[in-house]
Amino acid sequence: MQALEDRPSSLSVEQGDSSSPSFNPSDNSLLSSSSPGEEMDERRASIVKKRHYVLLELVETERDYVRDLGLVVEGYMSRMKEEGVPDDMRGKDKIVFGNIHQIYDWHKDFFLRELEKCLEDPDRLGLLFLKQERRLNMYVVYCQNKPKSEHIVSEYIDTYFEVNGGLAKEASDVGSFQMLRTQVFFFFFYLMKDLKQRLGHRLQITDLLIKPVQRIMKYQLLLKDFLKHSKKAGLECPDLEASD
């Protein structure tokens, strides 16, 4: 029995034997079951998901944009058309609104639906903007008119619409001004104070009229983000690069 106890076990591992298997807790290769190819696929999927979020933001903000334009066209402009304005003021509202009606109709009837289709087929996005490049030139017209609109709005809204004492006092205050300014005052009093309250709008007309300018710049930012994520994911976007 003593001889058996003194015999070394064949299952024992001598300390310091480099040929024996060992477990190193810091060895991540034993913890990770993903191959380099799988990790690359996961990274690409993450980038594609970010690209989808950009596209989703583009569509959701487009819906908000159409709604805001509708507040102007179907709210202020429609009510003014129904109730009328003084004869000597006819046509002057075009200075304030510019071609916002044209912009609204196009986005509501066409562009929003086309953007929504891109959620199912993101590759459509670049071609969509490329094909509609000429149509988007209507924003050039709007932006060129915007300084005239802002001048009228900013000059009269703060001066007259916040004056205490009601319409009678405000009317007497403008008695020394030129006839055009008197007309503009009554127009804006009607437009801003009365219509805003009756329509129940939260935003001022100035906040709504700046929307097209903000939107055209937003397109550029979102398209750049979409293109950036597309390139990182290894996706070719020749149409998007051409429209960027």
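## Basis of the model

The structure is a predicted model, in which local features need pLDDT of at least 70, side-chain atom pairs count only at pLDDT 80 or more, and totals for chains, interfaces and linings use all residues. Residues are numbered from 1 along each chain as its sequence is written, and side-chain values use heavy atoms, with hydrogens and water left out.

## Overall fold

The protein chain contains 11 helices and 0 strands. Helices (H or I, at least four residues) and strands (E, at least two) are DSSP runs, numbered from the N terminus. Along the sequence the pattern is α-α-α-α-α-α-α-α-α-α-α.

Of the 244 residues in the protein chain, 34% count as buried. Buried means under 20% relative accessible area, exposed means over 50%, and partly exposed lies in between (1.4 Å probe, protein chains only). The accessible areas come from the Shrake-Rupley method with a 1.4 Å probe, and for residues only the protein chains shown count as cover.

## The buried face of helix α5

Helix α5 spans residues 124–131, and L125, G126, L128 and F129 are buried in it. Viewed down the axis of α5, the buried residues fall within an arc of 160°, so they line one face of the helix. The arc is that of the directions from the helix axis to the C-beta atoms. An α-helix has 3.6 residues a turn, so residues three or four places apart point the same way.

## Salt bridges

A search of the whole structure finds 11 salt bridges. A salt bridge is a side-chain nitrogen of Lys or Arg within 4 Å of a carboxyl oxygen of Asp or Glu. One of them joins the side chains of E114 and R124 (2.8 Å, N to O). E114 lies in helix α4 (residues 100–117) and R124 in helix α5, so the pair ties together parts that are 10 residues apart in sequence. E114 counts as buried at 13% relative accessibility, whereas R124 is partly exposed, with a relative accessible area of 31%.

Within helix α2, R67 and D64 are 3 residues apart, about one turn of the helix. Their side chains meet in a salt bridge (3.6 Å, N to O), and D64 counts as partly exposed at 36% relative accessibility. D64, R67, D68 and K211 are linked in a network of salt bridges. A further salt bridge is formed by the side chains of D109 and K108 (2.8 Å, N to O). D109 is partly exposed, with a relative accessible area of 36%, and K108 is also partly exposed, with a value of 31%.

## A negative surface patch

E38, E39, D41 and E42 form a negative surface patch. Patches are made of residues with over 30% relative accessible area and no salt bridge; like charges are joined within 9 Å, and nonpolar side chains (Val, Leu, Ile, Met, Phe, Trp, Tyr) within 5 Å. Lys and Arg count as positive and Asp and Glu as negative, while His and the chain ends are not counted. The place of a charge is taken as NZ of Lys, CZ of Arg, CG of Asp or CD of Glu.

E38 is partly exposed, with a relative accessible area of 40%.

K50 is found in helix α2 and counts as partly exposed at 45% relative accessibility. K50 and F226 are 176 residues apart in sequence, yet their C-alpha atoms are 8.5 Å apart in space.

L115 lies in helix α4 and counts as buried at 0% relative accessibility. V141 lies in helix α6 (residues 138–160) and is partly exposed, with a relative accessible area of 45%. The C-alpha atoms of V141 and I100 are separated by 9.8 Å, and these residues are 41 residues apart along the chain.
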